[in-house]
Amino acid sequence: MIGLNPELVANGAFLLVAAITLAGALIAILDRNILHAVFGLVVCFFGVAGLYVFLGSEFVGAMQLLIYVGAVCIAIMFAIMLSEPLYKPAPLPDPMKLGLAAAVAAAVFGVISLLFQSAQWTKATPVSTDWSVTAIGQALLTRYVVVFELISMVLLVAILGAITTARRLR
């Protein structure tokens with residue numbers, strides 16, 4: 001029996017995961033059917049999770065699956081499934097509401113920009129070698145709590161956008 005070279009097997013597996021990621025991304029951007037494009041996005045996210053596993057970060061790979069496949073792609077699917085067909089004419093947006101939304105978005109962006117500019121930035125501390133789920137959970141809920149909350153806000157905005165898109169066309 002001929003022994004397999006472990007490095008050759010690892011390189012082949014990496015190339016397979018990279019090919020899956022690229023194929024999913026190409027399906028997501030090139031397919032004219034929006035449902036197929038979302039399924040391509042799901043395949044791409046699975047491939048990215050596999051790349052995280054290859055980098056030795058199994059927890060981040062699992063979170064990639066949980067957050068992006070389990071939350072973002074499902075929210076996109078709900079928005080697609082709840083929206084009206086494209087052949088129906090969409091109502092014209094109210095210019096007053098559009099202007100108000102733009103002003104609020106500009107104000108929020110300005111406040112966040114000022115906060116980032118006025119913050120006292122310090123050098124990053126050396127990276128810990130403890131990558132257990134307990135250590136990551138402690139870091140997320142103490143040191144990186146603002147980042148954790150910002151990620152949850154992004155998910156909330158994605159869900160609200162999906163609901164708004166679905167309700168606006170009904």
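Modeller: Cys73 is buried, with a relative accessible area of 1%; buried means under 20%, exposed over 50% and partly exposed in between, using a 1.4 Å probe and protein chains only. Please keep in mind that this is a predicted model, where local features need pLDDT of at least 70 and side-chain atom pairs count only at pLDDT 80 or more, while totals for chains, interfaces and linings use all residues. Residues are numbered from 1 along each chain as its sequence is written, and side-chain values use heavy atoms, leaving out hydrogens and water.

Cys44 is buried too, at 12%. The whole structure has 0 disulfides, a disulfide being a pair of cysteine sulfur atoms within 2.5 Å. The closest cysteine sulfur to that of Cys44 belongs to Cys73 and is 9.1 Å away, so the two are too far apart for a bond.

Cys44 also takes part in helix packing, where H2 meets H1. Helices here are DSSP runs (H or I) of at least four residues, numbered from the N terminus. H1 (residues 6-30) and H2 (residues 34-54) pack at about 155°, with axes 7 Å apart; axes are lines fitted to C-alpha atoms over the stretch in contact, and angles run from 0 to 180 degrees between N-to-C directions. That makes the pair roughly antiparallel, the word for angles over 145 degrees.

Conventions. Helix = DSSP H or I, 4+ residues; strand = E, 2+ residues; numbered from the N terminus. Parallel < 35°, antiparallel > 145°, perpendicular 65-115°, else oblique. Contact = heavy atoms within 4.5 Å.
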